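Dear colleague,

I am passing on the structure below, followed by notes on what was found in it.

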Amino acid sequence: MSKELIIYTDGSSRGNPGPGGYGAILMWGGKAKELSAGFRKTTNNRMELMAVIAALEALTRPGLNITIYSDSQYVVKAVQEGWLRNWIRTNFKGGKKNKDLWLRYDGLAQKHRVTFV
């Protein structure tokens, strides 16, 4: 049985846009790694998504079973309800925001088996 990587993420901003940041905790076995960063001008949704991206970018091997805990309905529903697949298929038609981050996330997520909670 393979180990499961657990990731907890959060992001926020004061104002939309405004100063903000994200944090992520990666837990593997008995070890934990914390990641965080701040930005002068960003949005809440960008920070929620950046927390997930930063966590996935920190991984050094492909093919992991990953459960990501996020309080962002934007991130969770975009993945679980297929919004992201549709946005990519239509090239983010209609001015969908954060195309750069969603494409970055998608490339990273394809290397693993990711589940959101």
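Is Asn98 buried or exposed? Asn98 is buried, with a relative accessible area of 12%, where buried means under 20% and exposed over 50%, with partly exposed in between (1.4 Å probe, protein chains only). Asn98 lies in the loop between α3 (83-89) and α4, and, leaving aside neighbours within four places in sequence, Asn98 is in contact (heavy atoms within 4.5 Å) with Asn45, Arg46 and Tyr74.

This is a predicted model, in which local features need pLDDT of at least 70 and side-chain atom pairs count only at pLDDT 80 or more, while totals for chains, interfaces and linings use all residues. Residues are numbered from 1 along each chain as its sequence is written, and side-chain values use heavy atoms, with hydrogens and water left out.

Helices here are DSSP runs of H or I with at least four residues, and strands are runs of E with at least two, numbered from the N terminus. The axes (lines fitted to C-alpha atoms, for helices over the stretch in contact) of α1 (residues 44-57) and α4 (residues 99-109) come within 10 Å and cross at roughly 30 degrees, which means that α1 is roughly parallel to α4 (angles under 35 degrees, on a scale from 0 to 180 between N-to-C directions).

Best regards

Terms used. Parallel < 35°, antiparallel > 145°, perpendicular 65-115°, else oblique.
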